[in-house]
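Try each task before you read its solution.

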Amino acid sequence: MSHYSVNTVSAEGNNPCLKLASVIERHLKALSELPDLTPVLRATCQQLSEQWARLIDNNMPRQNKMRRFAWIAPSNSE
């Protein structure tokens with residue numbers, strides 16, 4: 001499942017599908033937080049979630065990265 005998105009080419013170019021990657025990352029993060037999961041499986045899901053988060057950050061256009069953290073430093077447009 002994970003490598004399908006890494007190798008998928010979007011309609012706009014050769015970048016992986018970031019929407020699908022985001023969904024995979026969120027699901028792995030949710031799985032890693034389940035209390036009934038064994039420690040090994042929880043750690044595996046957490047590591048995969050972190051890898052997907054890096055993939056998303058590395059492939060997100062620069063403009064979107066800046067917008068993602070805009071709430072930290074609001075603009076002076078008031």
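**Exercise 1. A helix pair**

At what angle do the axes of helix α2 and helix α3 cross, and within what distance do they come?

Before you start, note that this is a predicted model, in which local features need pLDDT of at least 70, side-chain atom pairs count only at pLDDT 80 or more, and totals for chains, interfaces and linings use all residues. Residues are numbered from 1 along each chain as its sequence is written, and side-chain values use heavy atoms, with hydrogens and water left out.

Step 1. Find α2 at residues 18-32 and α3 at residues 39-59; helices are DSSP runs of H or I with at least four residues, numbered from the N terminus.

Step 2. The two axes (lines fitted to C-alpha atoms over the stretch in contact, with angles from 0 to 180 degrees between N-to-C directions) come within 8 Å and cross at roughly 155°.

Step 3. That angle makes α2 roughly antiparallel to α3, a label for angles over 145 degrees.

**Exercise 2. The residues between the helices**

List the residues with which α2 and α3 meet, then sort them by class.

Step 1. On the α2 side, pick out L18, A21, S22, I24, E25, L28, K29, L31 and S32. Contact here means heavy atoms within 4.5 Å.

Step 2. On the α3 side, the partners are R42, C45, Q46, L48, S49, W52, A53, L55, I56 and N59.

Step 3. Sorting gives 11 nonpolar, five polar and three charged residues. Ala, Val, Leu, Ile, Met, Phe, Trp, Tyr, Cys and Pro count as nonpolar, Asp, Glu, Lys and Arg as charged, and the others, Gly among them, as polar.

**Exercise 3. A serine in α3**

Is S49 buried or exposed?

Step 1. Locate S49 in helix α3.

Step 2. S49 counts as buried because its relative accessibility is 6%; the cut-off is under 20% relative accessible area (1.4 Å probe, protein chains only).

Step 3. Beyond its neighbours within four places in sequence, S49 is in contact with E25, L28 and K29.

Key
Helix = DSSP H or I, 4+ residues; strand = E, 2+ residues; numbered from the N terminus. Parallel < 35°, antiparallel > 145°, perpendicular 65-115°, else oblique. Buried < 20%, exposed > 50% of the residue type's maximum accessible area, 1.4 Å probe, protein only.
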